[in-house]
Amino acid sequence: MRVNDQVIRKPSRQMSRKTEDCMDKECHCCCCYEDLIKAQSLLCTTSINLGPHKLILEASDTMDFIGLESLKLLSLSRTDPGLAANLMLENYPNLTVAFVKDTFFSDASLWTDFLETLFDQIRTLKSEKDNKDNLKMYSDILKGVLDLAISSLNHDVFMSVLPNDGAISFFLPYIERCCLRLEASKLRNSIAADLIAKTEMTQRSHYY
């Protein structure tokens, strides 16, 4: 997944030399934009090791340029997906569900920790006044994350991450879908086992 800042440009070496007298100004040339796109593409490549990602994270403590945050988030998505998701939730909530979908996969610990973070955030918002808009936004994010979690986690893990103090009317549809998915999985496995058994019997009958 590619994360874009509002303006994503990183001064290249060539442009930096050309602008030595005005380094405090933003560079808007196409070369700088292309440099950033190339760096983002490299960080999105899952076939490479984590060397470039670690270098970006180390450099982010001392460097500052427009587009750095996108590179940092892409690096964290490989080195620390949980932290990256929390940063997305804090800074880019509308992109959080898509980010989680692309990074968590079937890692139960990531889903568990992030759902707990969401639950805590919603509890805090409920206790505060004049936060209806934020509460709705985080509730929508929670719904999206739960939709993904159902298809990514087994039923035991999914049930374990649900809060004890949650409203049953809110979580019931997700619990029902989780149970249906479990039953569908059992039926699918049963049908597959029957087909394998019949195929083996047919092969043995032909052999004899």
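This is a predicted model: local features need pLDDT of at least 70, side-chain atom pairs count only at pLDDT 80 or more; totals for chains, interfaces and linings use all residues.

**Helix packing and rings**

I started with helix H6 (residues 96–103) and helix H8 (residues 132–152): their axes come within 9 Å and cross at roughly 20 degrees. The cut-off for roughly parallel is under 35 degrees, so I put H6 and H8 down as roughly parallel to each other. I also noted the hand of the crossing of H6 and H8, which is right-handed.

Next I looked up who touches whom. From H6, I have Thr 96, Val 97, Val 100 and Lys 101, and they meet Ile 141, Gly 144, Val 145 and Leu 148 of H8. Sorted by class, that contact has five nonpolar, two polar and one charged residues.

Then the rings. My count came to five aromatic pairs. One of them is Phe 104 with Phe 114: centres 5.8 Å apart and planes at 85 degrees, so I logged it as edge-to-face. Phe 104 sits in the loop between H6 and helix H7 (108–127) while Phe 114 is in helix H7, so the pair ties together parts 10 residues apart in sequence. Buried or exposed, I asked of Phe 104? Phe 104 is buried, at 1% relative accessible area, and Phe 114 counts as buried too, at 3%.

Phe 170 and Tyr 174 make a tilted pair, 5.9 Å centre to centre with 45 degrees between the planes. Both lie in helix H10 (residues 168–207), four residues apart, about one turn of the helix. Phe 170 is partly exposed at 24% relative accessibility, whereas Tyr 174 is buried at 9%.

Last entry: Phe 119, Phe 170, Phe 171 and Tyr 174 form one aromatic cluster.

Notes:
Residues are numbered from 1 along each chain as its sequence is written. Side-chain values use heavy atoms; hydrogens and water are left out. Axes are lines fitted to C-alpha atoms, for helices over the stretch in contact, and angles run from 0 to 180 degrees between N-to-C directions. Helices (H or I, at least four residues) and strands (E, at least two) are DSSP runs, numbered from the N terminus. Angles under 35 degrees count as roughly parallel, over 145 as roughly antiparallel, 65 to 115 as roughly perpendicular and the rest as oblique. A crossing is left-handed if the near helix is turned anticlockwise from the far one by less than a right angle, and right-handed if clockwise. Contact means heavy atoms within 4.5 Å. Ala, Val, Leu, Ile, Met, Phe, Trp, Tyr, Cys and Pro count as nonpolar, Asp, Glu, Lys and Arg as charged, and the others, Gly among them, as polar. Rings of Phe, Tyr and Trp (its six-membered ring) pair if their centres lie within 6.5 Å; planes under 30 degrees apart count as stacked, over 60 as edge-to-face and the rest as tilted. Buried means under 20% relative accessible area, exposed over 50%, partly exposed in between (1.4 Å probe, protein chains only).
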